[in-house]
Amino acid sequence: MSNPRSTEAGRPIPWTGLVFTLLGSLVLLFIIAPLAGILLSSSFGEISDAAADKEVRSSVSLTLSAALMATIACTVTGIPLAYLLARKRFFGRSTLFAIIDLPIIVPHTTAGIALLTVVGRDSLFGSTFGSLVGTAPGIAVAMAFVSVPFLINAAHNGFAKVPVHLESAARTLGASPCRTFFTISVPLAWRDILTGMIMMWARGISEFGAVVIIAYHPMTTPTLVFERFNDYGLAHARSAAVVLLIICVLIFAVLRFVAKRRSREE
Amino acid sequence: MLELHSINRKLGDFTLADLTMSVAKGEYFVILGPSGVGKTVFLEVVAGLIRPDSGRITWNGADVTFVPPERRGFALVYQDYALFPHLNVAGNIAYGLRARGFDKKIVKKRVQSTAELLGIRDLLHRKPQTLSGGEQQRTALARAMITEPNVLLLDEPLAAVDPREAERLRRVLRDIHQRGDTIFLHVTHNVDEALYLGDKIGVMLDGTLRLVSTPEEIFRSPTDREVADFLGLRNVIHVDEITKGGCRAAGVEISISITDDSMAHVWIRPEDILLSEKPFESSARNQFRCKVIGWESSGRLLEVKISVGDLALSALITRSSFDDLKIESGAVLYCTFKSSAIYCF
């Protein structure tokens, strides 16, 4: 307040806005520049060649479908957990939140190694049902591990925003807890759940570290990009990378649009 | 018949303490208590949403204390109506029947007739967020009534609507209550609402039921000073000494026709106190010289505060008598009230 420039006529200095805008632009530029760079430096021919490349195609479909499997499986198991966390107060609840966030902070190659102890050849699961190393389900497991926190946290936020007494009113009107969950809680938290699913799917698609440890083959697109970069250099890697980037951005845009429109309808 | 037997429940700062009451079939029971926490908890306990720490709830003699809310048939209407924002009015009203697996055609027909009953037939396609407070309340009532509940639990149903709509809704509540055998258990802080709607009124203070009475009797029989204050009774006077034929309070001898040996307070209705410029012959046994201290508007009447020695009283008079008496601060008047107009407790 002692600075005369800061409070002239009680208004905040126009500087603040200017500085904030500048700093914000730097961050945005930092996000946009590399993405724009990779798009602009690839010619249309290169991209269409890559899109026609069999290896690229199969890697893209593997990546998308494995991430989708992971998302669906974790939606079925994670949504009830998110609901419990939003509704019940119990001992160890905050510890549970911390555990759910663990995959975000664990280095992803470490996560891959850790997963080997559960689904690898020598693990209990592996010796009973067969190892998931080098399989599509194995890739899905690796993707699920690193991306499920996004889904659970988003769904938890969604459920927490649903007023409890809407559920209570439904109960007194004759709805069982299960019916109440599916007809009141889920529809009202739907937008957050859907956002969480999109985030989880997107995060799964982009995973490299954990996936590459569980399965180098069959090859996901991030693994393919990595391999081509190592073996053939930048130009080869770039066109495959751009194909996945374009697909991801398109899907992401469509789903966000759908989620937004749904919420406006409500 | 709905019966609560010694219900106890502690929830944060609020305690329901040893609550025992019974409501007969078809009765409109109003729980009157100050605003704030507690009354909603009470309704949620009755609805089965909150388990009591101890005590039992019975419906027609059968213990329902541990019956889950969806199987009790006690519909709860929250103060903010708790309409489902993702369903339109028709969907909200139909909710309870759909949960019970009714046939689609029957649901549609009953939604129509229930909406008609509550005067919201034109709103069936609207989303709750677009409705006025009164319309939302009618929707919430329709949604509860369509399930033909044994007990309808109402949480301050008129508190959030404007006064004219509240008046209309009061009539709606009375009408729908008279149509069936459903028990209405209605909590409110509004004394007028309780008097208008209740067959019985229970006064709840600090989580205990202090008094259960009828609208006709409730003002005659306050059980203690707190109840009297809550009911807004003016002229509740602490008795210093019980005398033959009356009492002494703040140095004034008051004559009472029916006394009670254990009385601690007496109460004179402010509308029973007559003010006059001069003393007059009257069968009324209490006539005192008094001084005007002040006055304030009380609806259509004026409340004049007077003092008889150290005893402060309020009298309700019309505006025209106010002008006739040429009332001003410090004016000396006479106040008169019958010994039979005094209640003891």
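**A:Leu96**

A:Leu96 is partly exposed, because 14 other C-beta atoms lie within 10 Å. The cut-offs I used: a residue is buried with 20 or more other C-beta atoms within 10 Å of its own, exposed with 12 or fewer, and partly exposed in between, the C-beta atoms being placed from the backbone. A:Leu96 sits in helix H4 (residues 93-105) of chain A. Helices (H or I, at least four residues) and strands (E, at least two) are DSSP runs, numbered from the N terminus. I then took the distance to A:Leu85: eleven residues away in sequence, 8.6 Å away in space, C-alpha to C-alpha.

**Ground rules**

I am working on a predicted model, where local features need pLDDT of at least 70 and side-chain atom pairs count only at pLDDT 80 or more, while totals for chains, interfaces and linings use all residues. Residues are numbered from 1 along each chain as its sequence is written, and chains are lettered from A and ligands numbered from 1 in the order in which they are written.

**Helix H7 of chain A**

I checked the length of helix H7 (residues 136-160) of chain A. Its 25 residues should span 36 Å at 1.5 Å a residue, and the end C-alpha atoms are 35 Å apart, which agrees. The expected span is 1.5 Å times one less than the number of residues. H7(A) also bends by about 50° at A:Ser147. That bend is the angle between axes fitted to the seven residues ending there and the seven starting there. A proline, A:Pro149, follows within four residues.

**Domains of chain A**

I noted domain 1 (1-41) and domain 2 (54-265) in chain A. These bounds come from an automatic or database domain assignment. Their C-alpha centres lie 34 Å apart. Four residues from domain 1 of chain A and four from domain 2 of chain A make the contact. Contact here requires C-beta atoms, placed from the backbone, within 7 Å. On the domain 1 side I found three nonpolar residues, one polar and no charged. For these classes, Ala, Val, Leu, Ile, Met, Phe, Trp, Tyr, Cys and Pro count as nonpolar, Asp, Glu, Lys and Arg as charged, and the others, Gly among them, as polar.

**Chain B and its interface**

I counted eight helices and 21 strands in chain B. Of its 345 residues, 39% are buried. The C-alpha atoms fill a box of roughly 75 × 45 × 35 Å along the principal axes. At the interface, 20 residues of chain B touch 16 residues of chain A. Elements of chain B giving two or more residues to that side are helix H1 (39-47), strand E6 (74-77), helix H2 (89-99) and helix H4 (133-145). The chain B side has 13 nonpolar, three polar and four charged residues.

**Strand E9 of chain B**

I traced strand E9 (residues 200-205) of chain B. Five of its six residues are buried. Strands pair if DSSP finds at least two bridges between them. Strand E3 (residues 28-32) of chain B runs parallel to E9(B), joined by four bridges. There B:Ile31 has B:Gly202 as its bridge partner. E9(B) pairs antiparallel with strand E10 (residues 208-213) of chain B over five bridges. B:Ile201 stands opposite B:Ser213. In this hairpin, with two residues between the strands, B:Asp206 takes a positive phi near 50°.

How values were computed. Two residues are in contact if their C-beta atoms, placed from the backbone, lie within 7 Å.
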